[in-house]
Amino acid sequence: MRRRSFLQLAAGGTAALAAGGAFAQARNGPFKIYRITYRGRTEVEDGFDDYLAANKVEATFIERDADRGKAKLSDFVAEIRQLKPDLVYTWGTPVTLGVAGRFDAADKAAFITETPIVFTLVAAPVNAGIVPSLADPGRNVTGAVHVVPTAIQLRAMSSYRPIEKLGILYTQTEQNSVAIVEEVKALQPTMKFELVARQFRVDSAGRPIADGIEELIAEIKGAGANWLYLLPDTFLGTQYKRVVPAALKEKLPTFGAAELAIREGGALVALVTRYYSVGQLAASKAVKILRQGIPPAQIPIESLKRFSLIINMPVAKELDLYPPIEMLNYAEVLTG
């Protein structure tokens with residue numbers, strides 16, 4: 001079935017007043033972009049690169065990968081200072097915080113505070129402390145939010161199957177994830193569901209580890225959860241191949257907040273913005289910085305206006321949990 005638009009959200013916010021010309025160094029190119037990914041190349045980078053090419057913005061990339069951790073980020077920061085790129089691209093909340101730091105950090109010496117930074121795949125940049133405002137970033141950082149608002153996610157989930165007890169497995173050290181769990185808690189009184197939350201285990205250094213995932217999922221199911229919400233947690237995104245099969249074994253349906261959760265992870269249903277389109281949105285902000293010389297502080301952080309509901313029909317069949325017929329009128333259905 002062809003993918004159709006499910007919901008729309010108007011991106012709010014207006015540009016801030018001029019905040020100085022520190023980044024107004026526009027030229028025709030080629031530009032040098034220092035790109036830090038989290039787990040290798042994704043469709044986000046494809047969308048970003050294609051948008052630059054379509055707009056005839058010539059750029060060379062210095063490609064670095066965090067390899068699903070934070071250990072390399074301080075070295076990347078040092079290299080950025082040495083190479084002096086025109087722009088830094090960051091993927092995900094941990095990478096962005098490791099490079100840009102919090103906007104209210106007392107000591108900013110360990111972070112990049114002058115070179116323009118454009119982020120992708122950050123779900124809650126204000127709650128994570130990356131910027132004080134979406135409409136007015138007020139610093140050298142702007143970017144694209146990839147996640148559908150939490151309330152809309154939960155309403156879509158309850159439209160498929162009413163939420164009685166909502167299971168969540170998340171990383172306690174990811175500020176973005178903690179903030180979303182708090183949003184879920186705030187929705188409980190009006191949506192009338194219970195929450196069953198568990199955290200990934202951590203090692204002696206406080207880093208999340210995959211040990212015990214199956215046991216944690218069994219705990220969530222045993223506590224009565226009838227949904228498992230795969231929130232946009234960066235570490236969780238590296239563990240779909242264990243989390244989703246464990247949930248399926250427990251006959252626990254999964255709802256994904258990111259495209260990867262259903263296309264590669266095998267979730268039952270997801271309400272998402274396409275990674276490729278998120279990359280394009282981020283690239284549009286890079287073009288404003290590089291081509292037009294607009295400081296990041298003046299470029300609002302936005303999310304896409306169109307969302308896609310995706311249903312994994314083989315999983316629905318295995319769970320014997322089919323979607324309402326009317327949902328098939330606007331959803332994209334995966335058949336294999």
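Trainee: Starting with Phe235: buried or exposed?

Mentor: Phe235 counts as buried, at 9% relative accessibility. Buried means under 20% relative accessible area, exposed is over 50%, and partly exposed lies in between, with a 1.4 Å probe and protein chains only.

Trainee: What sort of model is this, and what are the ground rules?

Mentor: It is a predicted model: local features need pLDDT of at least 70, side-chain atom pairs count only at pLDDT 80 or more, and totals for chains, interfaces and linings use all residues. Residues are numbered from 1 along each chain as its sequence is written, and side-chain values use heavy atoms, with hydrogens and water left out.

Trainee: Back to Phe235. Which ring does Phe235 pair with?

Mentor: Phe200. The ring centres are 4.9 Å apart and the planes stand at 85°, so the pair is edge-to-face. For the cut-offs: rings of Phe, Tyr and Trp (its six-membered ring) pair if their centres lie within 6.5 Å; planes under 30 degrees apart count as stacked, over 60 as edge-to-face and the rest as tilted.

Trainee: And where do Phe200 and Phe235 sit in the chain?

Mentor: Phe200 is in the loop between β8 (194-199) and α6. Phe235 is in the loop between β9 (227-230) and α7. They are 35 residues apart, and the pair links distant parts of the chain. Helices (H or I, at least four residues) and strands (E, at least two) are DSSP runs, numbered from the N terminus. Phe200 is buried too, with a relative accessible area of 2%.

Trainee: How many aromatic pairs does the structure hold?

Mentor: Eight. One of them is Tyr34 with Phe76, edge-to-face, at 6.4 Å centre to centre and 65° between the planes. Tyr34 sits in strand β2 (residues 31-37) and Phe76 in helix α2 (residues 73-83), 42 residues apart. Both Tyr34 and Phe76 are buried.

Trainee: Which rings form a cluster?

Mentor: Tyr160, Trp227, Tyr229 and Phe255, linked by ring pairs.

Trainee: Switching to helix packing. How do α6 and α7 cross?

Mentor: α6 (residues 213-222) and α7 (residues 240-249) have axes that come within 9 Å and cross at roughly 40°. That makes α6 oblique to α7. Angles under 35 degrees count as roughly parallel, over 145 as roughly antiparallel, 65 to 115 as roughly perpendicular and the rest as oblique. Axes are lines fitted to C-alpha atoms, for helices over the stretch in contact, and angles run from 0 to 180 degrees between N-to-C directions.

Trainee: Left-handed or right-handed?

Mentor: The crossing of α6 and α7 is right-handed.

Trainee: What does Val243 touch?

Mentor: Leu169, Phe200, Ile213, Ile217, Leu228, Leu230 and Leu236, not counting residues up to four places away in sequence. Val243 counts as buried, at 1% relative accessibility.

Trainee: What about α1 and α9: how do their axes cross?

Mentor: The axes of α1 (residues 43-54) and α9 (residues 275-290) come within 6 Å and cross at roughly 45°. That makes α1 oblique to α9. The crossing is right-handed. Among the α1 residues in contact are Val44, Phe48 and Tyr51, and the α9 side includes Tyr276, Ala283 and Val287. The contact of α1 with α9 divides into 10 nonpolar, four polar and three charged residues.

Trainee: Is α3 mostly covered or mostly exposed?

Mentor: Mostly covered: seven of the eight residues in α3 (residues 93-100) are buried. The cover includes β2, α2, β4 (87-91), β5 (117-120), β6 (141-145) and α5 (175-191). Gly101 follows α3, with a positive phi near 75°.

Trainee: Which residues other than glycine have positive phi?

Mentor: Leu121 is one of them, with phi near 55°. Leu121 is in the loop between β5 and β6 and counts as buried, at 5% relative accessibility. Lys251 has phi near 60°. Lys251 lies in the loop between α7 and β10 (254-256) and counts as partly exposed, at 47% relative accessibility.

Definitions and conventions
Left-handed = near helix turned anticlockwise from the far one by under 90°. Contact = heavy atoms within 4.5 Å. Nonpolar A, V, L, I, M, F, W, Y, C, P; charged D, E, K, R; others polar.
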